[in-house]
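I opened this entry to keep track of what I looked up. The chain and its model come first, then my notes.

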Amino acid sequence: MRGRYDRRYRRDDNHFSDGLNWEEHRHSRGGGHKRREHHRGAKTFRRGRAIEFLNRLNVKRTTLKQQLESPELQTINPIIVGELKAVEMIINEFIELFEIHEDEMNQHNAIVESKIENEEPGDDSSEA
């Protein structure tokens, strides 16, 4: 095999100053094939937004369940059942994708509820 400057060498020979062989040297550069530890799920405020979206999906699921029990909506019962199944599938995929746990949801809901309780009635600072 020939090197960069048309010099013959064997791949087993150590021709690199840092003591690495060809494979180690090639992969040790900037972008290479290094595998970095990947963090699972968003850990910033986006995580809170994901949990808030999940709460909205749960509200939709609850609403659809109430509509199933409603006598005036019995004619469209199969449609509501289909929508309910679709929302539940989305919820399950969302929980799996973002790796959201029950305790995280409870903690987020407790924080949101405490913020709501601490707001003064008539405080329009959030409506600016």
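I started with Ile-90. Its relative accessibility is 38%, so Ile-90 counts as partly exposed. Ile-90 sits in helix H3. Helices (H or I, at least four residues) and strands (E, at least two) are DSSP runs, numbered from the N terminus. I also checked Ile-90 against Leu-57: they are 33 residues apart in sequence, and their C-alpha atoms are 8.3 Å apart in space.

A note on the source. This is a predicted model in which local features need pLDDT of at least 70 and side-chain atom pairs count only at pLDDT 80 or more, while totals for chains, interfaces and linings use all residues. Residues are numbered from 1 along each chain as its sequence is written, and side-chain values use heavy atoms, with hydrogens and water left out.

**Overall fold**

I listed the secondary structure next. The protein has four helices and zero strands. Along the sequence the pattern reads α-α-α-α. Of the 128 residues in the protein, 16% are buried. I then looked at contacts, meaning heavy atoms within 4.5 Å. Among those with a separation of 6 or more, 47% are between residues 24 or more positions apart.

**Helix H3**

I checked the length of H3. Its 22 residues, at 1.5 Å a residue, should span 32 Å, and the end C-alpha atoms are 31 Å apart, which agrees. The expected span is 1.5 Å times one less than the number of residues.

Which residues of H3 are buried? They are Ile-80, Leu-84, Val-87, Ile-91 and Phe-94. These cover an arc of only 90° around the axis, which puts them on the same side of H3. The arc is taken from the directions from the helix axis to the C-beta atoms. An α-helix has 3.6 residues a turn, so residues three or four places apart point the same way. On the other side of H3, I found Pro-78, Lys-85, Asn-92, Glu-96 and Leu-97 exposed.

**Aromatic pairs**

I searched the whole structure for ring pairs and got two. Rings of Phe, Tyr and Trp (its six-membered ring) pair if their centres lie within 6.5 Å; planes under 30 degrees apart count as stacked, over 60 as edge-to-face and the rest as tilted.

Phe-53 is partly exposed at 40% relative accessibility. Phe-94 is buried, at 13%.

Phe-94 also pairs with Phe-98: their centres are 4.6 Å apart and their planes at 40°, so this pair is tilted. Both lie in helix H3, four residues apart, about one turn of the helix. Phe-98 is partly exposed at 25% relative accessibility. I noted Phe-53, Phe-94 and Phe-98 as a cluster linked by ring pairs.

**After H3**

I looked at what follows H3. Glu-99 does, in the loop between H3 and H4. Its phi is positive, about 50°, although Glu-99 is not a glycine. Most residues other than glycine have a negative phi. At 32% relative accessibility, Glu-99 counts as partly exposed.

The partners are Arg-47 and Glu-104, with the closest N and O atoms 2.8 Å apart. Arg-47 lies in helix H2 (residues 45-69) and Glu-104 in helix H4 (residues 102-118), so the pair ties together parts that are 57 residues apart in sequence. Arg-47 is buried, with a relative accessible area of 9%.

Last, I looked at Asn-55, also in helix H2. Asn-55 is buried, with a relative accessible area of 15%. Its side chain makes a polar contact with the side chain of Asn-109, at 2.8 Å. A polar contact is a pair of N or O atoms within 3.5 Å; within protein, one must be able to donate a hydrogen and the other to accept it, and residues adjacent in sequence count only if both atoms are side-chain atoms. Leaving aside neighbours within four places in sequence, Asn-55 is in contact with Met-105, His-108 and Asn-109.

Technical notes. Salt bridge = Lys/Arg side-chain N within 4 Å of Asp/Glu carboxyl O. Buried < 20%, exposed > 50% of the residue type's maximum accessible area, 1.4 Å probe, protein only.
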